Amino acid sequence: MAFPRPRPSRPELPRQRVQTLQCGQGAVRAARFNADGNYCLTCGSDKTLKLWNPHKGTALRTYQGHGYEVLDAAGSFDNSQICSGGADKSVALWDVTTGQVVRKYRGHAGKVNCVQFNQESTVIVSGSIDSTVRCWDCRSRRPDPIQVLDEAKDGISSVKLSAHEILTGSVDGRVRRYDLRTGQLYSDYIGSPITSVCFSKDGQCMLAASLDSTLRLLDKDTGELLGEYTGHRSTTYRLDCVLNEQDTHVGCASEDGHVYFWDLVEGSLALSLPVGQGVVQSLAFHPRLPCLLVATQGQVTLWREDTFQPE
């Protein structure tokens, strides 16, 4: 006889600020959790990249090597390497412990907006304002990319990877999904320039944020519009969208200094988090906990659920 599985706990949203990191990097362009959520990376307009333990509020290392502001970064699955992209048109691969640049990939004709590792951290995928997505082999010494995806008609603002797919959002208003197993490209037209895309945790849906102040949830296989979420302001900046760790809520940064969360199914506004005065530059949701990183101006704040007790 099988016992019924326990009901999953009701999802909690991060509502209390538990840490504030004064980054000292100029404006923070992006804040990203590492694979297990224990550490985070911050990308600065002062050309540096910093590694933190955000839960303790401690800075661990500073990485210098970009010639211009750093726009995005990601950590490898084993935390041994970091990739970053910047306004100097280059993609850098870093050794975490030594702080040195292992490789620098040059090939983009414009600033690199977004970077991601594949699951094995053997390939870096970068998206640029030059309308291309380039795939770089971390293990080879070749200077040129192993693949260039140039279907977009305007700059690439966001790239996300699953085990066998590349998801891109572009200023031409399209969400493109490349299925690497079948060699197929699926394209969904949204119409407004896209600022951020992401997969749901179950891999069934895609979330896209665009400059018409609307967040859209699409069925990955059919492209059907499953939900629209409005209430935030997004008209000018490249703002992040996220799903929480249980796929129950969608969230988005806003130009009015708030972060908004909606119930994924009902579409109702569940939380408006007042973060600061300026534009919320970047968001990252913890892979397993109700825990949120928010970057505004020169600082990053860490938010946890109401029941969380700081040590």
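**Exercises: charged pairs and a buried methionine**

Asp144 is partly exposed, with a relative accessible area of 38%. Keep in mind that this is a predicted model.

**Exercise 1.** Find out which residue meets the side chain of Asp144 in a salt bridge.

*Solution.* Start with the general idea: side chains of opposite charge can pair when their charged atoms come close. Here the partner is Arg142, at 3.4 Å from N to O. Next, look at Arg142 itself: its relative accessibility is 43%, so it counts as partly exposed.

**Exercise 2.** Work out which strands are tied together by the salt bridge between Arg32 and Asp72.

*Solution.* First check the pair: the closest N and O atoms of Arg32 and Asp72 are 2.9 Å apart. Arg32 sits in strand β2 (residues 28-33) and Asp72 in strand β6 (residues 70-75), so the bridge links parts that are 40 residues apart in sequence. Now for burial, where the cut-off is under 20% relative accessible area. Arg32 comes in at 16%, so it counts as buried. Asp72 is buried too, at 5%.

**Exercise 3.** Decide whether Met206 is buried or exposed, and list some of its contacts.

*Solution.* Begin by locating Met206 in strand β19 (residues 205-210). Its relative accessible area is 2%, so Met206 is buried. Then skip its neighbours within four places in sequence: the contacts of Met206 include Leu167, Val175, Arg177 and Leu218. One of these, Arg177, forms a salt bridge with Glu165, with the closest N and O atoms 2.7 Å apart. Arg177 belongs to strand β16 (residues 174-179) and Glu165 to strand β15 (residues 165-170), so this pair joins parts 12 residues apart in sequence. Both Arg177 and Glu165 are buried.

Notes:
Residues are numbered from 1 along each chain as its sequence is written. This is a predicted model: local features need pLDDT of at least 70, side-chain atom pairs count only at pLDDT 80 or more; totals for chains, interfaces and linings use all residues. Side-chain values use heavy atoms; hydrogens and water are left out. Helices (H or I, at least four residues) and strands (E, at least two) are DSSP runs, numbered from the N terminus. Buried means under 20% relative accessible area, exposed over 50%, partly exposed in between (1.4 Å probe, protein chains only). Contact means heavy atoms within 4.5 Å. A salt bridge is a side-chain nitrogen of Lys or Arg within 4 Å of a carboxyl oxygen of Asp or Glu.
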